[in-house]
Amino acid sequence: MSAANEQSRQWFEDLVKSGQVALPSDKLDWLDAARQQAHQAINTLPVPYRKQEEWRYTSIDGLLRQDFQPVNEQFTALHAVDLEDWLLPDMDSYRLVFANGRCVPEMSDIEELPEGVRIGSLRAALTTDPDLLATWFGQTANHQQHMFTALNTALINDGVFVHVAPGVKVDKPIEVLYLSLALEDAVIAHPRNLVVMENGSQATLIERFVSTGDSVYFNNVLNEIILNESASLTHHRVQDESPQAYHLSSLFLSQQKQSEYRGTALALGGAWARTDYKARFQDEEAVCTLNGLYLAGEKQLTDFHLDIDHAKPHCASEENFRGILYGKGRAVFDGKILVAKDAQKSDAHLHNANLMLTRSAEVDTKPQLEIYADDVKCSHGTTVGQLDPEQVYYMRSRGIETPMAKKMLCLGFADEIIDTIEIEPLRQHVHERLHFTLDQVVTEQLQTDEVAQ
Amino acid sequence: MLSIKNLHVNVDGKPILKGLNLEIGTGEVHAIMGPNGSGKSTLAYVLSGRDGYEVTDGQIIYEGEDLLELETEERAHKGVFLAMQYPVELPGVNNMIFLKESLNAIRRARGEDELDSVKFMQLIKEKAKMVKLDEKLLKRSVNAGFSGGEKKRNEILQMAMLEPKLALLDETDSGLDIDALRIVAEGVNALRSPERSVVLVTHYQRLLDYIQPDHVHVLAHGKIVRSGGKELAHELEEKGYSWIEEGAAA
């Protein structure tokens with residue numbers, strides 16, 4: 001191990017030293033054990049660096065240069081926040097609000113939950129539902145395998161806990177709003193989320209990551225999602241953060257027989273944002289659909305890693321990711337589908353399309369299929385292209401000015417993903433955000449073009 | 001309305017139009033006929049402002065202005081409309097939103113108020129009915145997955161909505177069956193007025209059975225080689241283009 005690498009390890013070690021907190025129930029042996037194991041793992045696991053395939057195109061050097069502090073004065077900055085500014089109009093949901101990684105009960109709205117539905121903070125659940133937590137915690141996310149998973153586990157502080165009892169259908173979406181408050185220090189948060197859907201249960205979960213200012217911070221998020229037999233979860237994630245934000249989301253998804261997961265992942269803002277999906281079919285006839293959209297411009301990197309494990313036969317997965325890149329924006333898409341030897345009749349399709357608005361934007365895309373079964377239907381494909389001048393000309397010939405024409409074409413490209421969001425207020429919100437961003441992009445581009453001429 | 005003098009145009013460095021002259025008066029309907037490769041579509045594209053057409057000589061005056069100095073969208077704002085031979089597909093761009101943006105962009109440029117959604121809906125429904133375009137197609141992406149006939153009717157719908165001063169129709173009749181042809185012709189005839197001019201670019205005479213032109217021109221080898229009344233179209237139909245081309249060469 002090189003000296004540079006050991007220095008990097010020290011960064012993780014320092015974070016653990018400064019960040020470990022007392023939890024309301026320190027007598028939970030399993031939790032203490034997990035935290036200790038995770039801490040040990042930080043001393044032994046390989047530190048992510050560019051020579052590892054998983055980190056080949058995504059450097060963590062920027063992260064390592066930051067001196068992240070744990071958030072101590074939790075809520076002092078909250079007084080200045082008007083929650084209404086961050087809520088979606090006409091959105092009826094069970095709502096949890098987090099501020100820099102800690103749940104804010106007074107801003108949340110989880111009263112009158114239906115029978116069989118538990119929605120709350122992980123901290124609260126340590127006291128109210130320790131047995132449920134002991135059963136499911138750490139079952140899908142192996143905190144001894146990945147550095148950032150270990151870091152999240154070692155520094156458990158708070159997170160989301162959702163448990164839906166067998167056969168229960170949650171009547172409204174569950175909405176989690178992660179507010180990153182702009183503080184003087186560059187702060188770090190480790191939301192640790194656990195979603196357990198029991199047999200035949202149904203729910204919709206929305207996660208939104210926003211920031212109240214342009215500050216530097218790091219969200220190291222970890223989701224464990226367990227879908228038991230015939231359970232169904234629709235899961236929308238919108239990451240739309242400070243232009244200086246670092247964001248890492250690790251999602252571990254475990255699917256039992258005939259379960260269905262439908263996910264939408266939107267990466268709309270941040271300096272460095274990476275999302276890893278690790279999905280595993282534990283039994284037959286499960287379905288996993290993932291749609292994603294990413295935008296990256298000047299000084300931005302967005303990265304999606306998908307790891308879909310068709311371990312069992314008769315399962316179906318479909319992943320469709322689209323990216324719009326501009327300025328010197330960079331994107332990484334690494335999608336891998338593994339079809340095990342006995343996973344016959346697997347149906348797996350992976351597609352990635354990229355729209356490059358500038359020559360200096362860059363995408364590294366790598367869709368992979370690894371198939372060991374012989375009776376499967378699988379496909380993968382990737383495209384990287386520019387706006388078609390014919391299309392722009394056609395629109396201009398109808399009186400539409402170039403910036404508007406380009407914007408409409410970009411929105412059209414993005415809509416294939418956004419239209420899969422069936423919740424009207426959320427879809428509307430995402431559209432508005434896209435309009436806003438693309439307005440700036442096409443205006444800037446037009447100015448650059450004029451200068452170039 | 002439109003005055004083209006000694007127009008020379010190169011495409012990929014190759015001369016296509018070689019000294020074309022054409023005068024279109026206000027309120028007139030002109031047909032430009034000619035064999036394949038004679039430069040008909042080039043003329044249509046040059047007028048609408050498509051990239052890749054290099055004007056090496058000559059001038060085009062539209063309503064007293066140098067048309068070649070205007071951007072593509074400015075030409076549209078000032079009333080130039082080209083119904084294309086191969087309408088472009090815009091995946092993801094909703095047909096109705098596209099038309100609304102187009103109409104309002106033109107209205108804004110003319111200093112007129114934008115149409116609100118209610119008025120726009122009334123207008124588009126009325127016009128869609130006129131060109132017998134299935135309303136379902138209004139909710140789909142522009143031209144994406146449309147049949148050939150549907151694309152052409154969508155072009156005529158756009159024309160009917162935008163009410164251009166100078167309507168250019170490039171081979172709008174090609175690939176249409178007789179019913180579709182009649183609908184397209186009705187759309188064009190409905191637009192005829194003393195304030196508007198229409199230029200029909202066509203290979204065949206049959207469109208002219210439905211739209212009576214005031215003038216017919218024959219384009220061959222990059223020039224107008226003969227002009228006349230509508231009887232010229234019938235003559236061409238009987239004798240074929242070789243008759244004219246031989247005359248031009250001589």
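Strand S8 (residues 192-197) of chain A is largely enclosed by the rest of the structure, because six of its six residues are buried. Buried means that 20 or more other C-beta atoms, placed from the backbone, lie within 10 Å of the residue's own. Strands here are DSSP runs of E with at least two residues, and helices are runs of H or I with at least four, numbered from the N terminus. This is a predicted model: local features need pLDDT of at least 70, side-chain atom pairs count only at pLDDT 80 or more, and totals for chains, interfaces and linings use all residues. Residues are numbered from 1 along each chain as its sequence is written, and chains are lettered from A and ligands numbered from 1 in the order in which they are written.

**Strand S8 of chain A**

Arg192(A), Leu194(A) and Val196(A) point one way from S8(A). Asn193(A), Val195(A) and Met197(A) point the other way.

| Partner of S8(A) | Sense | Bridges | Opposite residues |
|---|---|---|---|
| S5(A), residues 160-164 | parallel | four | Phe161(A) and Leu194(A) |

**The nonpolar core**

Which residues touch the most other members of the largest nonpolar core? They are Val162(A), Met197(A), Ile324(A) and Leu168(B), out of 197 residues. Such a core is a set of buried Ala, Val, Leu, Ile, Met, Phe, Trp, Tyr and Cys residues joined through C-beta atoms within 7 Å. Helix H8 (residues 402-418) of chain A supplies the largest share, seven residues. Beyond its neighbours within four places in sequence, Ile324(A) is in contact with Leu295(A), Leu355(A), Leu357(A), Cys410(A), Phe413(A) and Ala414(A). Contact means C-beta atoms, placed from the backbone, within 7 Å.

**Where the chains meet**

The contact takes 18 residues from chain A and 20 residues from chain B. On the side of chain A that touches chain B, helix H7 (389-396) and H8 of chain A each give two or more residues. H8(A) gives the most, seven residues. That side divides into eight nonpolar, four polar and six charged residues. Nonpolar covers Ala, Val, Leu, Ile, Met, Phe, Trp, Tyr, Cys and Pro; charged covers Asp, Glu, Lys and Arg; the others, Gly among them, are polar.

**A helix pair in chain B**

Helices H6 (residues 148-162) and H7 (residues 178-191) of chain B have axes that come within 10 Å and cross at roughly 10 degrees. H6(B) is therefore roughly parallel to H7(B), a term for angles under 35 degrees. Axes are lines fitted to C-alpha atoms, for helices over the stretch in contact, with angles from 0 to 180 degrees between N-to-C directions. Contact residues include Ile156(B) and Met159(B) of H6(B) and Ile183(B) and Val184(B) of H7(B). By class, this contact has seven nonpolar, two polar and two charged residues.

Methods:
Parallel < 35°, antiparallel > 145°, perpendicular 65-115°, else oblique. Contact = placed C-beta atoms within 7 Å. Buried ≥ 20, exposed ≤ 12 C-beta atoms within 10 Å, placed from the backbone. Pairing = 2+ DSSP bridges.
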